[in-house]
Every structure is written in C-alpha cells, then in structure tokens.
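Biologist: Let's go through the pocket and the aromatic contacts. Please show the structure.

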Amino acid sequence: MGDPSGRQASHRDDNRRGLTSFSSRVGAFPNSQTILTRWRRLSRAIIIARLIMKTVSPRIAETFATLRKQNRIALMPFVPAGYPDLETTAAVLPALEAGGANLIEVGFPFSDPIADGPTIQAAFTAALRNKLKVADVLRTIAGVRDQVTVPIIAMISYSIVFKYGLDRFLTDAKSAGFDGLIVPDLPPPEAQRICDKIWAAGLDTVLLVAPTSDPARRQQIADLSSGFVYYLSVSGITGERATLPPELAAGVAEMRKISPNPVCVGFGISNSSHVKQLHAVADGAIVGSALVKKMTERLSDGPAAIAEAARGYCRQLLA
C-alpha cells in the first residue's frame with residue numbers, strides 16, 4: 001500500500017503541475033483590480049458599440065463631421081418656441097440658418113425652468129401667457145421644417161414629456177422634424193431606459209454636464225449622450241457674461257477625452273470673441289439669452305423684423 005505521506009506529497013505535486021499546465025494555457029490569473037479594469041473597458045466598448053449601431057437621426061452627426069473637416073465650430077442658437085408668438089418662431093428658424101447657424105435649439109416654454117436666467121424665463125412666461133401648447137410647437141416645427149436644412153433639437157423638461165406621454169411625444173417630435181432632445185432635468189442614473197426609447201424613436205440624446213460634475217457622473221453623461229454633450233461654461237443659470245471662465249478650456253478638454261461625441265459649450269456665450277475662444281477647445285458654441293435679448297429689442301416691429309435681427313446677430317457671432 002506504500003507510504004500515505006508519500007501519496008499525499010505526490011497528489012500535491014500533481015495538483016501543482018496541473019495548475020501550472022492550466023496557467024500556461026490561459027495565462028496567469030488576473031488580480032481583482034485587473035478584472036475591474038477589463039470589465040470597465042468591456043462595458044465602455046459595449047456602450048460605444050450601441051451608440052454606433054443604434055438608429056439615430058444622422059443629421060447631427062453629419063453636421064459635426066462636415067464642420068470638423070472644415071475646421072469650423074458649430075454655431076447653435078437657442079430660441080424659445082412661441083416667443084412672442086408662433087408666427088415669429090416660424091420666421092426666425094430659417095433666418096437663423098441664413099445667418100450661419102449650424103444647428104438650432106428650440107426651447108419648449110416651461111413655467112418652472114431649472115437653469116434659465118431672467119431673459120429666457122421672461123420669454124417663456126410670455127409664450128405661456130398666450131396659452132401655448134406642446135402640440136402648437138410641434139405643428140409649427142413641422143410647418144417650417146422644409147425651409148430649414150440644419151438639425152433642430154428640442155430643449156424640453158422631462159416633466160412636459162412625461163405629461164404629454166413619452167411614446168407619444170417621441171413619435172410626434174420625430175414626425176415634426178426634430179433630430180434630438182436636450183432634457184436638462186433627466187438624471188443620468190435613471191436616464192438609460194428613457195434614452196433607449198429616444199434612440200429607438202430615431203432621435204439623438206443630449207445631456208448636460210456641469211463644471212462641478214464628478215468624473216463618474218461625467219462618464220455617465222458621455223455614455224448617455226448620442227448627439228453631443230452640452231457642457232455648461234459655469235455653474236448657475238443662463239445669461240450673458242463678459243468673459244469666459246479661465247478653467248473652461250481644461251474642463252472641456254477633459255470631457256472630450258471621455259466622450260465619443262462632440263462637446264458643445266453653452267451658458268454665457270454672447271459675442272464673437274467668445275465663439276473664437278471656444279473654437280480652440282470645443283466643437284460648438286450655444287447662444288441663448290443674448291439672442292433672445294436681440295429679439296426682444298425688436299418685438300414691436302413684427303416677425304419679419306425680429307427674424308432679421310436674429311439673422312444679423314448670428315452673422316455678428318461668426319464675424
């Protein structure tokens with residue numbers, strides 16, 4: 001029967017040889033940190049693949065690709081829908097494109113705006129005072145869509161979408177001619193299911209990232225944005241600023257490293273000097289309050305005059 005201790009030693013040797021042989025075939029077992037790193041890379045690759053493969057409106061991607069080849073920054077004006085009336089909105093959108101706008105944001109008036117400053121709040125209030133409805137905005141966009149070739153993106157609170165009905169809104173927004181949605185109050189941890197539905201409807205998603213957002217949240221926002229990422233130049237509300245923050249360039253650069261999509265900057269952009277500064281660091285400049293102020297100055301002159309003011313201001317921004 002032999003020596004038991006000798007057989008145990010022999011088994012241990014066999015086990016070691018077996019492990020050595022297995023390790024030589026599959027490589028050394030990674031430690032937990034390596035496994036976590038590989039898992040994160042795999043998750044990231046899956047998300048990017050989904051962004052590439054999912055069906056979204058191609059108009060936004062094509063616009064940024066063209067601008068990149070031409071070494072140009074996107075000019076993206078924001079207009080409140082229905083301000084001062086829908087006739088003006090229908091006149092302003094083609095005028096913005098004629099003035100050089102590459103994409104246009106259309107804000108759905110909201111009674112409790114989260115991040116809009118006094119200029120845009122006043123415009124929203126004026127539009128709502130005229131009993132503006134979501135269906136009115138959609139109908140106006142549909143009516144003017146064949147006059148505007150650039151992407152049109154809706155800036156809308158999720159509470160409005162929720163009340164209208166998510167599926168119904170996505171169907172109607174796509175049908176009206178929108179290319180994407182900016183939903184500023186859509187929190188990333190809960191946004192995946194809703195973004196899946198937006199993408200399935202053929203619309204792009206744009207989420208906002210603040211200078212104070214931590215790295216994990218920035219990554220979530222980058223992963224959930226398919227059209228571009230909206231980077232806030234400052235924490236706070238919209239409105240004109242004399243200068244851009246000195247830390248803006250570093251913040252945008254950090255965001256561009258982790259985002260597979262363009263990064264555009266809004267809040268406080270109001271003149272051609274700002275646009276030129278952003279050209280060096282970002283993919284787009286978003287202008288809201290300053291444009292609304294220009295429109296407000298011509299309110300008494302009618303839709304055609306307001307549209308001409310909007311067109312002229314876009315020209316100034318690109319000068």
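Below are questions and answers on this predicted model.

Biologist: Which helix gives the most residues to the lining of the largest pocket?

Modeller: The largest pocket holds about 390 Å³ of space. Of its 14 lining residues, those closest to the centre are Leu 132, Lys 133, Val 134, Ile 160 and Lys 163. Helix H6 (134–144) and helix H7 (158–164) each give two or more residues to the lining. The most, four residues, come from H7.

Biologist: How many residues in that lining are nonpolar?

Modeller: One lining residue is polar and three are charged. The nonpolar residues number 10.

Biologist: Why is the pair of Phe 64 and Phe 228 tilted, and how many residues apart in sequence are the parts it ties together?

Modeller: The ring centres are 5.9 Å apart and the planes meet at 55°, so the pair counts as tilted. Phe 64 is buried, and so is Phe 228. Phe 64 lies in helix H3 (residues 58–69), while Phe 228 is in the loop between helix H10 (215–224) and strand S7 (229–232), so the parts tied together are apart in sequence by 164 residues.

Biologist: What class of aromatic pair do Phe 108 and Phe 169 form?

Modeller: Both Phe 108 and Phe 169 are buried. Their ring centres lie 5.9 Å apart, with 70° between the planes. Planes over 60 degrees apart set the class. The pair is edge-to-face.

Biologist: Which residue has its charged end over the ring of Tyr 164?

Modeller: Tyr 164 forms one aromatic cluster with Phe 108, Phe 169 and Phe 178. The charged end over the ring of Tyr 164, 3.9 Å from its centre, belongs to Arg 168.

Definitions and conventions. Residues are numbered from 1 along each chain as its sequence is written. This is a predicted model: local features need pLDDT of at least 70, side-chain atom pairs count only at pLDDT 80 or more; totals for chains, interfaces and linings use all residues. Side-chain values use heavy atoms; hydrogens and water are left out. On a 1 Å grid over the protein atoms alone, a cavity is a set of points where a 1.4 Å probe fits but cannot get out, and a pocket is an open set with protein on both sides within 12 Å along at least five of seven lines; lining residues have an atom within 4 Å of a point. Grid points are joined across faces, edges and corners, and a volume is the space filled by probe spheres set on the points. Ala, Val, Leu, Ile, Met, Phe, Trp, Tyr, Cys and Pro count as nonpolar, Asp, Glu, Lys and Arg as charged, and the others, Gly among them, as polar. Rings of Phe, Tyr and Trp (its six-membered ring) pair if their centres lie within 6.5 Å; planes under 30 degrees apart count as stacked, over 60 as edge-to-face and the rest as tilted. Buried means under 20% relative accessible area, exposed over 50%, partly exposed in between (1.4 Å probe, protein chains only). A charge sits over a ring if NZ of Lys or CZ of Arg is within 6 Å of the ring centre and within 35 degrees of the ring normal.
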